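Work through the exercises below with the model open in your viewer. Try each task before reading its solution.

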Amino acid sequence: NGTRLDNPWAATGSNASPFDQDFYLIINVAVGGTNGWFEDGKSNKPWLDGSKTAKKDFWQAKEQWYPTWEKNGQMEVKSVKMWQQSGYNGCKA
């Protein structure tokens, strides 16, 4: 899609970044966006990234995209599993 993401942890000097420190895991459902992930003019996208009314355009096209959402756009999380490496931060596992 042309979006370039720089590695924010490249300058830390650690191969384990960002997992070498405590962190939170956030799980969410996101729609729309004006950051280039969804290319303008593709797949019937009803808004333009540079538009001052992009959010409004998205919402006004609800009849177009809402029927494609399963379970009314809700996300179900069956399980989340995370492990910590033995020896880090006092882990004895």
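## Exercise 1: Leucine 25

Task: find which residues leucine 25 contacts, leaving aside neighbours within four places in sequence.

Solution. Leucine 25 is in contact with Val80 and Met82, once neighbours within four places are set aside. Bear in mind that this is a predicted model. Next, take the C-alpha atoms of leucine 25 and methionine 82: they are separated by 9.4 Å. Along the chain, these two residues are 57 residues apart. Now place leucine 25: it lies in the segment before H1. Leucine 25 has 48% relative accessibility, so it counts as partly exposed.

## Exercise 2: The chain as a whole

## Exercise 3: Lysine 45

Task: decide whether lysine 45 is buried or exposed, and identify what its side chain meets.

Solution. First, locate lysine 45 in the segment before H1. Second, read its relative accessibility, which is 13%. The cut-off for buried is under 20%. Lysine 45 therefore counts as buried. Third, list its contacts beyond four places in sequence: Phe38, Glu39 and Asp40. A polar atom of the lysine 45 side chain lies 2.5 Å from the backbone oxygen of phenylalanine 38.

## Exercise 4: Positive phi

Task: give the phi angles of serine 43 and asparagine 44, then classify the exposure of serine 43 and asparagine 44.

Solution. Take serine 43 first. Its phi is near 55°, a positive value in a residue other than glycine. Asparagine 44 is not a glycine either, and has a positive phi of about 60°. Serine 43 lies in the segment before H1, the helix that spans 54-60. Asparagine 44 is placed in the segment before H1 as well. Now apply the exposed cut-off, over 50%. Serine 43 has 76% relative accessibility, so it counts as exposed. Asparagine 44 has a relative accessible area of 63%, so it is exposed.

## Exercise 5: The second largest pocket

Task: describe the volume of the second largest pocket and the makeup of its lining.

Solution. The volume of the second largest pocket is about 240 Å³. Its lining has 16 residues, and the closest to the centre are Phe38, Ser43, Lys45, Pro46 and Trp47. Sort the lining by type: eight residues are nonpolar, five polar and three charged.

## Exercise 6: The largest nonpolar core

Task: name the residues of the largest nonpolar core, then trace the contacts of phenylalanine 58.

Solution. The largest nonpolar core has five residues: Trp47, Ala54, Phe58, Ala61 and Trp65. In soluble globular proteins, nonpolar side chains tend to be buried together. Now pick out phenylalanine 58. Not counting residues up to four places away, it touches Val31, Gly32, Pro46, Trp47 and Trp65.

## Exercise 7: Serine 51

Task: find the C-alpha separation of serine 51 and threonine 34, then classify serine 51.

Solution. The C-alpha atoms of serine 51 and threonine 34 are 8.8 Å apart. The two residues are 17 residues apart along the chain. Serine 51 is in the segment before H1. With 23% relative accessibility, serine 51 counts as partly exposed.

Definitions and conventions:
Residues numbered from 1 in each chain as written. Predicted model: local features only at pLDDT ≥ 70, side-chain atom pairs only at ≥ 80, totals over all residues. Heavy atoms only, no water. 1 Å grid on protein atoms, 1.4 Å probe; cavity = no way out; pocket = protein on both sides within 12 Å on 5 of 7 lines; lining within 4 Å. Points joined across faces, edges and corners; volume = space filled by probe spheres on them. Nonpolar A, V, L, I, M, F, W, Y, C, P; charged D, E, K, R; others polar. Helix = DSSP H or I, 4+ residues; strand = E, 2+ residues; numbered from the N terminus. Buried < 20%, exposed > 50% of the residue type's maximum accessible area, 1.4 Å probe, protein only. Core = buried A, V, L, I, M, F, W, Y, C linked by side-chain atoms within 4.5 Å. Contact = heavy atoms within 4.5 Å. Polar contact = N/O pair within 3.5 Å; in protein donor to acceptor, adjacent residues only side chain to side chain.
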